[in-house]
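Q: I have not looked at this one before. Can you walk me through a part of it?

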Amino acid sequence: RLFVVDSWGNGGPGEDMLVVSGFGIKGYPVPQQDEVDSSQCSPGRFVPPPRPDMATDHNGVALRDVCFEGDGPHHVFVIGDWGGIVFEPGTPPRPADHRSRLFTHQHRPFVEGVDDTAQLRVAAQMQRRAVTSRPDYVLNMGDNFYWGGVTAMCGATMGVEVTDTGQWGAIFEDIYRGPGLDYVQWLGVLGNHDYGGFMFTSGWDQIIAYTWANIPSSTGRWVTPAQYWRSKVRYSDFSVDYFFLDTNVFDAFDPIDFVGHNLCSMTHNPANASCAPQGPGSIWACSKWFDDLWAAQTAWLERGLDESKAEWQVIVTHFPAEWGKDFWTVLARKYGVDLYVSGHTHHQVVFAPGEEGNWIGDTALLISGGGGGITSQETPDVDGEDDEYGFMDLTLSRESIVVEAISHGGQIRRRLTVRPRQREPRS
């Protein structure tokens with residue numbers, strides 16, 4: 001049984017189905033995935049697999065299919081690089097400042113009223129839009145907390161118990177709320193800053209663990225059950241296969257290389273750094289650990305795309321397709337990948353199929369790295385007439401995915417209609 005509640009949790013018929021850490025809104029137990037007939041889809045709710053012993057146990061998992069009823073329109077929000085820093089308890093989060101002279105390629109003027117409140121401005125526009133769009137779920141591109149992820153050490157507790165650092169409530173739960181957003185699930189991946197930015201020992205396993213969290217801040221809407229995973233969403237006349245990937249191999253190098261932007265850096269990781277047994281055992285094992293993770297994912301992804309019968313295939317990850325573009329170009333063409341959604345670079349970009357600058361050809365590319373957790377690439381406009389901070393609203397149907405890029409001022413900066421891309425003929 002699942003318990004249906006309205007959007008305020010009053011326990012009556014309503015629009016949202018709520019699962020909070022394995023319990024209904026009033027504490028009634030809700031079945032885990034292995035207790036439900038796998039031949040049936042979950043109505044309007046993504047159900048994680050059972051709580052694992054280690055954060056990597058569910059790598060490659062396929063969640064039970066999810067069904068959304070009705071003729072639509074069906075909306076999905078997209079956001080990345082969103083989690084700022086709370087400098088004093090009780091104060092709102094502020095973006096990490098990436099535009100100081102310490103980062104010469106990012107240096108630019110500071111815009112008061114925007115750069116200091118970017119996460120809040122984007123969240124406010126999501127709240128306004130959610131009232132009418134009523135998103136079914138949110139696609140989360142990672143870099144959930146700046147500067148260095150959850151402020152706990154990886155493997156600090158046994159299994160995947162959650163350490164309450166105070167970040168989840170103040171930076172996530174208390175910010176993204178209101179009619180149309182309450183209890184809407186966030187489906188996510190890890191970004192390089194979730195591992196630590198220039199080290200690998202931050203609490204990245206905690207970000208996975210929050211999927212099953214029992215700490216007071218949790219509303220049960222966080223879904224990141226593994227480093228890589230997949231889910232099929234079924235609508236009345238079409239379906240979408242989502243593939244969530246960890247692309248942080250593109251920021252994991254030899255310990256002596258690229259010390260300012262290297263998860264495996266000798267300079268920033270302590271000499272005895274380790275996330276064993278579920279992560280790299282040392283800085284010298286770090287790069288190979290990410291290489292092996294990537295190799296496992298690419299084989300898994302090809303198998304999944306090859307067997308996909310959905311009308312839409314969507315890749316969700318942190319690094320844009322500029323990283324690994326040769327691999328993505330071949331993969332997207334072979335399997336007809338329709339949409340590649342990412343973050344990492346701190347702005348909002350929409351590339352149509354075949355558009356100049358599109359690194360992988362005829363697959364639409366989205367970069368939604370302007371969530372406001374860190375200052376943007378270029379100088380924002382005080383009124384929001386820019387592509388620096390914002391989120392995206394996707395409208396899904398059998399015939400098209402309509403992308404609207406919405407700025408921190410509420411302006412629709414780009415609208416693109418994506419059509420299904422056909423895969424290559426099988427040989």
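A: One term to begin with: buried means under 20% relative accessible area. Also, this is a predicted model.

Q: How many residues of β6 are buried?
A: In β6, 6 of the 6 residues are buried, so the strand is largely enclosed by the rest of the structure.

Q: Which residues lie on each side of β6?
A: His74, Val76 and Val78 are on one side, with His75, Phe77 and Ile79 on the other. Both faces are covered.

Q: Which way does β6 pair with β16, parallel or antiparallel?
A: Antiparallel, over 5 bridges. His75 stands opposite Thr395 in β16.

Q: And with β7, parallel or antiparallel?
A: β6 pairs with β7 (residues 137-140) in the parallel sense, over 4 bridges. There, Phe77 stands opposite Val138.

Q: Switching to α1. What span should its 16 residues have?
A: Helix α1 covers residues 118-133, and at 1.5 Å a residue it should span 22 Å. Its end C-alpha atoms are 22 Å apart, which agrees.

Q: Which residues of α1 are buried?
A: Ala118, Gln119, Val122, Ala123, Gln125, Met126, Arg129, Ala130 and Ser133. They cover an arc of only 160° around the axis, which puts them on the same side of α1.

Q: What is exposed on the other side of α1?
A: Arg128 and Thr132 are exposed there.

Q: What covers the buried residues of α1?
A: The cover includes β6, α2 (167-173) and β8 (186-188), along with β16, β17 and β18.

Methods. Residues numbered from 1 in each chain as written. Predicted model: local features only at pLDDT ≥ 70, side-chain atom pairs only at ≥ 80, totals over all residues. Heavy atoms only, no water. Helix = DSSP H or I, 4+ residues; strand = E, 2+ residues; numbered from the N terminus. Expected span 1.5 Å × (residues − 1). Buried < 20%, exposed > 50% of the residue type's maximum accessible area, 1.4 Å probe, protein only. Arc of directions from axis to C-beta. Contact = heavy atoms within 4.5 Å. Pairing = 2+ DSSP bridges.
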